[in-house]
Amino acid sequence: MGKRLRGRGGIVFLFLVLSLFVGSCKREEGERAKEPFRGVNVEVREVRRESIPDVVTFVANLEPRQRTAIIPKVSGLIEKIYVREGDYVRKGDLLVKLEQKDYLVALQKAEAALEEAEANLEQASRDWRRFSELFKRRVISKQEYEESETRRKLALARFKSAQAALQDAKNHLEETVIRAPFAGFVTGKFKDEGERVRAGMPGQEAAILELEDISVVRATGHLPELEMGKVKVGMEAEVRVDAIPERTFKGRVVIVNPTIDPSTRTFMVKVEVPNRDFVLKGNMFARVTIVKGWREALIVPREAVLREEGVWLYHCFVVKDGVAERRVVKPRFTPFWYVEIKEGLMEGEKVVVKGQGRLHGGERVAVKDEAS
């Protein structure tokens with residue numbers, strides 16, 4: 001009997017707990033139902049009319065200001081290479097030394113030949129002066145005088161030839177020491193110490209090193225012929241590279257090729273970019289924006305413009321009287337943070353920049369503080 005009473009008491013207690021729980025839930029639901037619906041939370045920006053740069057863009061490859069192969073002017077055995085790939089060198093720094101033994105011997109021979117030629121010239125000149133006096137006194141014939149004059153001229157010619165040969169020997173000896181023609185980075189090494197090089201060989205066959213000056217780089221690309229006459233030397237440009245997405249580099253147009261390529265209907269443009277910290281490298285892929293001028297336009301943040309799935313139609317959500325209105329627009333995308341709106345929006349309207357993923361059009365919205 002006691003056990004049955006305890007069992008019935010437990011059932012009653014459980015029933016009371018469930019009743020209290022259900023009642024609490026209903027009260028909470030009722031309270032929530034009384035709260036006003038605030039709508040989808042969004043952030044907005046105002047459509048503005050501003051002066052924006054009129055730009056044209058193209059893709060380009062970066063080129064160093066100077067690039068040269070270090071090719072010896074004389075033949076010989078490579079005795080020493082003083083640099084490695086990646087080294088930075090200043091103008092005049094020592095790069096390579098060729099074996100000098102043969103050129104030192106040639107210099108000594110040239111010096112001896114010049115001394116001999118100088119002695120012969122002095123003797124021929126003394127003879128000519130003496131014969132000249134004798135000819136004036138009619139002691140010797142004109143033929144003898146002319147022969148002495150010819151010997152002096154030949155001796156003078158041999159002396160000048162010996163001087164030139166000595167200078168050549170000096171130059172050849174100096175050319176066994178190769179120095180940097182400009183400041184830059186060693187970007188290639190094609191020969192090793194102990195190899196023999198031959199002067200006059202074409203291109204890469206004779207090259208020992210490659211040197212690049214990237215203190216200034218050039219972005220080379222092509223623009224459609226419609227831009228001919230609009231892009232001019234001296235215009236400002238901005239350059240971006242994928243390898244350094246967080247930076248924008250300033251440059252100027254330095255070359256506008258006046259020839260149109262008949263196959264592509266484009267013309268070549270070069271933009272020069274200072275690169276004092278050497279972060280830009282030769283052959284990097286770049287995107288170049290040239291500022292042609294300034295004009296007035298309606299603009300909105302890039303994130304306000306959405307594309308229709310599967311088609312090339314674009315739209316924005318405009319907030320009017322607390323309701324999101326879907327608006328088809330005609331945008332013109334720029335390389336900057338904003339999009340130019342050609343059709344579909346008016347100055348002063350509010351467009352959604354955050355929260356539009358939950359909108360389809362017609363929903364009530366709760367606007368947060370306007371995004372800055």
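Contact is taken here as heavy atoms within 4.5 Å. The structure is a predicted model, in which local features need pLDDT of at least 70, side-chain atom pairs count only at pLDDT 80 or more, and totals for chains, interfaces and linings use all residues. Residues are numbered from 1 along each chain as its sequence is written, and side-chain values use heavy atoms, with hydrogens and water left out.

Helices (H or I, at least four residues) and strands (E, at least two) are DSSP runs numbered from the N terminus. Thr 289 belongs to strand β13, which covers residues 285–301. Relative accessible area was classed as buried under 20%, exposed over 50% and partly exposed in between (1.4 Å probe, protein chains only). Thr 289, at 8%, is buried. Apart from residues up to four places away in sequence, Thr 289 touches Val 55, Val 56, Thr 57, Glu 236, Ala 237, Glu 238, Pro 335 and Phe 336.

Salt bridges were assigned where a side-chain nitrogen of Lys or Arg lies within 4 Å of a carboxyl oxygen of Asp or Glu. The count under this rule is 26. One of them joins Glu 46 and Lys 350, with 3.5 Å between the closest N and O atoms. This pair links distant parts of the chain, Glu 46 being in strand β1 (residues 40–46) and Lys 350 in strand β18 (residues 350–354), 304 residues apart. Glu 46 is partly exposed at 32% relative accessibility, and Lys 350 is partly exposed at 26%.

A salt bridge also forms between the side chains of Arg 49 and Glu 347, at 3.6 Å from N to O. Arg 49 lies in strand β2 (residues 48–70) and Glu 347 in the loop between β17 (338–343) and β18, so this bridge ties together parts that are 298 residues apart in sequence. Arg 49 has a relative accessible area of 42% and is partly exposed.

The side chains of Arg 326 and Glu 308 form a further salt bridge, with an N to O distance of 1.9 Å. Arg 326 is in strand β16 (residues 323–333), whereas Glu 308 is in the loop between β14 (306–307) and β15 (314–320); the two are 18 residues apart. Arg 326 is partly exposed at 36% relative accessibility, while Glu 308 is buried at 18%.

A network of salt bridges links Asp 54, Arg 295, Arg 332, Glu 340 and Lys 342. Within this group, Glu 340 is found in strand β17 and is buried, with a relative accessible area of 4%. Its side chain makes a polar contact with that of Arg 295 at 2.8 Å. Such a contact is a pair of N or O atoms within 3.5 Å; within protein, one must be able to donate a hydrogen and the other to accept it, and residues adjacent in sequence count only if both atoms are side-chain atoms. Beyond residues up to four places away in sequence, Glu 340 touches several residues, including Ile 52, Ala 297, Lys 330, Pro 331 and Thr 334.

Strands were treated as paired if DSSP finds at least two bridges between them. Four strands form an open sheet in the order β6-β5-β3-β8, with antiparallel pairing. β6 and β8 (196–197) stand at the edges with a single partner strand each, so one side of each is left without a neighbour in the sheet. Strand β3 (residues 76–81) is joined to strand β5 (residues 94–98) by three bridges, and Ile 81 stands opposite Val 96 in β5. Three bridges also join β5 to strand β6 (residues 177–179). Across this pairing, Leu 94 has Arg 179 as its bridge partner, and Lys 97 stands opposite Val 177.

Nonpolar cores were defined as sets of buried Ala, Val, Leu, Ile, Met, Phe, Trp, Tyr and Cys residues joined through side-chain atoms within 4.5 Å. The largest has 30 residues, and those with the most contacts inside it are Leu 95, Val 96, Ile 208 and Leu 209. Two or more residues each come from β3, β5, α2 (101–136), α3 (142–174) and β9 (209–224). The largest share, seven residues, is from α2. Leaving aside neighbours within four places in sequence, Ile 208 is in contact with residues among them Ile 70, Ile 78, Ile 81, Val 96, Phe 190 and Val 197. A second, separate core of 26 residues includes Ala 60, Leu 62, Ala 237 and Ile 244.
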